[in-house]
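I opened this assembly to look through its chains, sheets and contacts. These are my notes, in the order I looked things up.

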Amino acid sequence: MEIIYLIFILFLSGAIATFLLGKVSKRLRDIAFITTLVVPSVLFFTQINIGQTVDFSVLGIHLSWGITNFSYIFAYIVLGLGVLAGIYAVAAMKGKENLGFFFFNYILSIMAMMGILFSRDLISFFVFWEIMTWSSYLMVVFTGKDVQKVGIKYFIFSAIGAYAMLMAIVITYSLTGSMMISNLIFAFPDFEFGMQILIPVLLLIGFGVKSAMMPLHVWAVGSYSHSPMAYTAVFSGALSKMGIYGMIIVMAGLVSRIPEGYWFREVIAWMGAITAVGGTLWAVAQDDAKKMLAYSSVAQLGYIIIGIAIGTPLAMLASLFMAILHGMFKGTLFMAVGAIEKQTGTTNFTEVTGLIRKMPFTFLASLMSIIALAGIPPLGGFIGKWMLYESVIGSNHYLLIIVIFFSSTAAFLYCYKFLFGFFLGQEEKEWAHVKEAPAMMVVPMVILAIGTFIFGVFPGLILNPIDAGLQELGYAVTQGRYWEMSVLFNEWGDTVVLQPILYTILAVFVFFLAFVLTKNFKKTRYVSTKDISSSGEIPKEHENLTFSRGFFQPFLRSVEPLMRRKIDPYYNSFGRGMEAIFDFVRRIYTGNGQTYALYVVVFALLLLIFKDRLWG
Amino acid sequence: MVGSPVLLIAIPLLAAFLIPLLGIFWKELVRIIPGLVLGYLTILSASLYIDVLNTGTIVETIAGWRAPWGINLVFSPLTGFLATLMTFIGFIIWLYSYRFKRNVEFEAAKKYFIFLMLLVAGSIGIVITGDIFNQFVFIEIVGISAYALTAFYTGRNSAEAAFKYLIMGSLSASALLIAIILIYSQLGTLNMAEIAANIHNMPPQYRVTAMIFFIIGIGVEAEIFPLNGWAPDAYTEAPGPVGSAFAGIVVKAGIYAMVRMMFTLFDISGPMQILIIIGMITLVVAETSALRQVQLKRMLAYSSIGQMGLVLVAFGMGTKAGVFAALFLMLNHAIIKPLLFFSGSYLVFNSKEKNISEMSGLGKLMPFTAAFFALGSFAIVGLPPFAGFWSKLSVLTAAANDGLLLIIAIVLLVSIVEIVYYFRVINRIYFFKFDKATSVVPHKPRVNALIAMAILAILILVIGFYPDSVSEILNRASEDLLNTPDYIKNVLSTGQSLTY
Amino acid sequence: MNIENIEIIRIGVYATSILLILIGLYAVLTKKSLIKIIIGLSIIDGGIHLLLIGIGYIKNGTAPIFSPGFENASAQMVDPVPQALVLTAIVIGFGVTAVALALIIRLYRHHNTLKIDEIKNLKW
Amino acid sequence: MINDKNSQKIVDIIQNWARKHSIWVLAYGTGCGAIEIPPTMTSRYDAERLGVRGAATPRQADVLLVTGYLTTKTLKRVIRVYEQMQDPKFVIGFGSCTINGGMYYDSYNTIKLLDKYLPVDVYINGCMPRPEAVLAGFGKLQEIIAEGRANGAQKYKDNLEWYKANQKKIIPSLLTTDYNW
Amino acid sequence: MDLLTNILGAIATIILAFVVGMSYGGIVRKITARVHNRLGPPWYQNFIDAYKLFGKTTAIHHGWMQIMGPAFLMVSSVVTLMFVPVLNNGGWFTNLNFKGDLIFLLYLMVFGPLGMALGAGQTGNPNSAIGVTRGLSQMVGFEIPWVMALVALMIQFNTTTITGLMDVQQMSGTWLMFSSPFAFIAAVLAMLGMFRYSPFDIVGAPTELASGPVSENGGKFLFTMMSSGSIFSFVKLTLYVDLFMGGADNLIILLIKTFSIYMIPVLYGIVSPRYRTEQAIRFFWGWPLFFGILAILYAAIF
């Protein structure tokens, strides 16, 4: 038995077993769930060798599964985040209904993502892609809120993407006679011009939907915020990366090999930039943490898309690094929101305040993730951003860099809003009862947060496999040229040496804290946040002084022209228009038997009239 | 060998005749006999089919009159495949409707099973007969039994649906008769093989006119676009299993007749624009009409029509890949649509007005039925790894091989519409709150119904996970359809010339 | 018997049958009464049957029976197949009409009208 | 803090010198005397040359400047503000009203003698005191800070019960935060 | 030994920055007073204030994040200081000059304000949060022309390091403020916001927000903020001098150059009333943005 098959069989049987055990015992179900996630992951990381493939054929089409260096990078995200978020999910979803179903879909999504990474041919790629889509769709509608709106929107867009991809796949099949991805890449430069344009466009629509590229992003926010947070961590952290995965293959494998590729790159890069800016601005405007993080995910994916579109080795390094880091910190943040939701029952910034002393570990994890998200050194997010900027500057995208910088600076706004909204501010009596989330929820968050820290100082740990993957895509070795274990270089040889920076920061911190605090800290005592200088007034217990409504109103007022246009209404009116047309079309079935008889006669006459046309 | 192909038609006809008589002795026989008959037919057709696959086409002559004079039955890889499929679906329908809510009473059950037997017999007859007039007769048998089954419920609008069906059916039967007259007047024969052999001797004007009348005559059963006005009504108003019989058996026979006529009778090789155009229009109109449906069964009906349109498109490509895809689609549709109708009719039972909006939260109350419905929906919209995906994929690859990019695009766009309306229902079933005001207390499906659905569901999963399990059969069938000379040879070689 | 007459008769038969078909179609397409529509269908059937008989017709042909002494009669025989067909078709038409009439009774009970315009509960 | 026995003399001197030259004033300007603060701080009299500077919040302030009369309503705010200030802190009673009620001596709802409720370090007499007088007051405060005699806060701490009792008489519903710095 | 030199050099740099920054603060107060036709405090007034603040008790806190806030600010200032070359040609301790580049620096400079904002948030004072939101909004405003200026320099000279840009000026002999004037103008306009003098003192606007983010911080917290703020302004001034004014060969020249460039926001501020937040943002997205684009075009074309 091939280990590759075994992994998938384990996933599948584990999913079914979890579902069925859920009817018997809750504990058994949880154990089965965790086991199903952990065992294949362990098998994958210990038993699977790169380059090992299994071949088989379906309907006469040759298919092949096997892991490559490149997909191995994404396997880290999928399995790492999958296992951690799975552990989190067990605690976070405790007591919810229908958990067997949840876990079933969860495992299925993980399996599908692994399947995508394993697929060396387009058909299994598509099959797993669709499994991923519908399993995630079932998660989006799991909570039962707004399913007709949000769920259907997600699925429609996914379907548009998937079918665009399917079209590209069948065209590829008809052109090359093979479904292998490698064959497509190999034969692509010899295609005729139209196909050279059509196939990447279709594939990019498919991947763009999953990676929430700007005109195709409208599903993302609702879906991210509606699915259970335990799953959204995977949804935003890992699942959206599948779009990135595919996009990289398209951009590096196909687009870069044709002369028109330059325009593709520019267009995609600008779409990524618009995604980043739009996502950021809308994230700033949100009052709900889930939506904010969802928009933020869209924005972050925008950066990654920019990197892919630019396509220089440094940009690719940046994108992949950001993809991994985004999985980590956004996963943590969604988990934190989930923890807060579980403990308080709401995720609205205007309602929850001052949790820092109640949920310190959640805060710590969120803080580190936010610092990583904002791209502030010494945490991991910085590495990706640095590389991205350097690559954008180095590849002469002058205006692009400004746009990116704008959105990344504006990102500080929502970063702060997240931390302030939940954890800081007045400690209200309403939330006095709130406790820290269970350890099973906190530990995965903290692990991921620490991970961002480690990768921020030793990016080489991630860049190493990324480098291997990039070489597979045809890039030259980047180690030593763009990075070492904890040193980064840009195109012009400028460096950022990370370790001394970290040490300096730590040293100053320690010194400062010792300096300020040792002498006086014990004399300092905690006073409640009601004891503030409020013009001599003494706030009552029930008075909520926290500033949380209209948080960034001045800023939003000044960027209002940028945000005046939303794309959703256009889609909505398009959808309504289509529905109206369809509604009109079905009136052809008048319900009158005589009309139907008339149709028969008219049809006969039409055929008789056009018979020459029809038979030539 | 357990029997000969003629039994496939004779036995159900006999059973239809015997059912009321036997019912006098023991009322339960009315329900048992059809099961035995259909079970036997399934085994018979399956074993015949295995023989056919191993040894070659069986051509059976009736009453010793050899082709081209007598009526002959052709049990080839294609017709055998369809006949087996039909008997199997018929058996599943029997299993499901063994104690179907409405026919628990004796009288109702009697009528139901008589007409079901006739329907199955007629459909099998359409498929395996080798004579166009005989085909006409079988079409009429199917028609009459279908009108009767449509009007099965006395309380609803079923008579209206049946009447519309009847008007269109009679008109089209007339057209079919005209076509037969035209061919007979020109070629002097009714045997398909001989017509096929001589079709090029026919003046083109006559040929094309005959073909048009043929299309109209068969189009009503095959649910092509302007001729399918009856279909939504009939599907909606007929009992659930009858709907699935229409979708799984009757329509397949209609499509077969259409395709046999195009491919063999008129020997059109290469792409058939007319099939593609009609199929596309059917697909688009039906799927778009389905989007805003209020009633579940009506939605399923439109979906069924749309699928048939897609089948026609696939056939219209005229290539082996296209025919393969079309047959695959037919197979999947024959499995999936009954599942949807089976589970859907239990969902419909539990709503007062049969509306989709009244099915909120039934997933909690009837987990298995809802799960089967969801599975069926997933499969029919072509989500992998379920059966529907592979057929859709084969259609698309076939189209891509012919360079029909526009058709691929339209098919995929229409698929999105399909997804929307199916998922609306699934969402409502699973993720909405149960509402006592609109839904009545749920009738749980009986065990036999669950088994029937489970069998179909397992088939969906088997084909979904291992599509190669059927690809060999389909390959043989599609080769058979495309190979007109062999057909002619097989049929005509059995007959020596009669000497007087 | 000269050939022209045969043709005239043949054309007459054809014309009559086509006329019948058209009359039937007219009834089906324009008359609002269910009964009339069914009558129209029956007229179409009749026209077609006539057409069918017409193509098998041979002037002065004999009955299509092989009997001793008439071994070579096949050239003189009226084609027997259309007649057989017509018989079948008539039976079928009868069956359909019977079903239709039964349905009409049901419809009338249900709707209290025979106008096809008003029987439109099922639409779209 | 100022009279901390353990601390060394020289440190005290330096600290007191710094305190003397850096007086951050929180003006509690509800009384009519508040109008005298702007001229004091701006070009004409320029208190900043003495290191006097406005503070925005009690946390940052050194000196609480009670400008004029206090009513029963405003007293609790003043107490709150005073208690929120960090050591070392001083109070300047500004105008006659803080000394004896001034022109409101017979009003039913003004506080006649501020010293009963808060430890006043320096009084500035007058109704209103001119900016010159204010500057002189600051000068006096600087003087006593330098000498280490401005120990109002210590007094408040030592006689907390007495002060609290007095405050309670005026404001029965006084929300006393536990004051221990 | 090497490590010890490094540490001593770092401490010396910090002391230098502290002294210069504080003195500048005092001088600015003096100048402001003179413009107001006042006598004003002595130039060392800031030292007195700082010492006094340091001597005050810090009796209360609102949670550990409030304590960490000033720490973040201090760390950010000091670490940023480590990366900015003080004098040309390594005339001062190099510290970490070659370990990071401008983009790194841009992000490092955010580290402090963000930590500070968190500390301010923990106090629960609504004014603090309002101040922070204003500050962040304004930062989005001035960051754009500032980054544009920097990007213009980077693409013009194909380097992203400060030392690289300084070398460019050394070699060519002209200051970048002359060789890429638009970038300089954009940067200077951005600097108005960066130093938060009037009209951009919307963060701590005393009359509206009671000093904004710092309103709950007294004593040692305030001391830390004040001193790190001074260090930070020294860092920024040095950065401007390094980037646009050819650096400095010795401390005197450094002081002259930094002081002269410091006067731009100070003098502009003295005579300006305060903007509202969106006015401030729109200011930066007006002419500064235009000059930034010009700078980039200039750099891209030449």
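**Entry 1: the sheet in chain D**

I began with one residue pair: D:W24 has D:R53 as its bridge partner in strand 2 of chain D. I note here that the model is predicted. I then looked up the strands behind that pair. Strand 1 of chain D, residues 23-28, pairs with strand 2 of chain D in the parallel sense, over three bridges.

Next I traced the whole sheet. It is an open sheet of five strands in chain D, in the order 2-1-3-5-7, with parallel pairing. Which strands sit at the edges? I found strand 2 (52-54) and strand 7 (122-124) of chain D there, each pairing on one side only. From one strand to the next, the twist averages 30°.

I also checked what covers these strands. Helix 5 of chain D, residues 131-146, lies across strand 1, strand 2, strand 3 (63-67), strand 5 (90-94) and strand 7 of chain D. Against strand 7 of chain D, helix 5 of chain D runs at about 170°.

**Entry 2: chain A as a whole**

I moved to chain A and took its overall numbers. I counted 24 helices and six strands in its secondary structure. The C-alpha atoms of chain A fill a box of roughly 100 × 65 × 55 Å along the principal axes.

I then asked how the radius of gyration compares with that of a compact globule. For 616 residues the globule value would be near 25 Å, and chain A has 26 Å, so the two agree. Of the 616 residues in chain A, 62% are buried. Taking contacts in chain A between residues at least 6 apart in sequence, 80% join residues at least 24 apart.

The domain assignment divides chain A into domain 1 (312-526) and domain 2 (568-615). I read 57 Å between the C-alpha centres of domain 1 and domain 2 of chain A.

**Entry 3: a hairpin in chain A**

I picked out strand 1 (residues 53-58) and strand 2 (residues 61-66) of chain A. Strand 1 and strand 2 of chain A run antiparallel and are joined by six bridges. They form a hairpin with two residues between them. In the turn, A:L59 has a positive phi of about 50°. Across the pair, A:S57 stands opposite A:H62 in strand 2 of chain A.

Which side chains of strand 2 of chain A point to the buried face? I listed A:I61, A:L63 and A:W65.

**Entry 4: contacts between chains**

I finished with the chain pairs. Six pairs of chains are in contact, and chains A and E share the most contacts. Chain B and chain D have no contact, and their closest C-alpha atoms lie 51 Å apart. No contact joins chain C and chain E either, with closest C-alpha atoms 56 Å apart.

I took chains A and B in more detail. Here 45 residues of chain A are in contact with 47 residues of chain B. Helix 5 (122-140), helix 6 (147-176), helix 22 (568-585), helix 23 (593-609) and helix 24 (611-615) of chain A each supply at least two residues to the side that touches chain B. Helix 6 of chain A gives the most, with 15 residues. I sorted that side of chain A by residue type: 34 nonpolar, six polar and five charged.

Definitions and conventions. Residues numbered from 1 in each chain as written. Chains lettered and ligands numbered in written order. Predicted model: local features only at pLDDT ≥ 70, side-chain atom pairs only at ≥ 80, totals over all residues. Contact = placed C-beta atoms within 7 Å. Helix = DSSP H or I, 4+ residues; strand = E, 2+ residues; numbered from the N terminus. Nonpolar A, V, L, I, M, F, W, Y, C, P; charged D, E, K, R; others polar. Pairing = 2+ DSSP bridges. Axes fitted to C-alpha atoms, helices over the stretch in contact; angles between N-to-C directions. Domains from an automatic or database assignment. Buried ≥ 20, exposed ≤ 12 C-beta atoms within 10 Å, placed from the backbone. Rg over C-alpha atoms; globule rule 2.2 N^0.38 Å.
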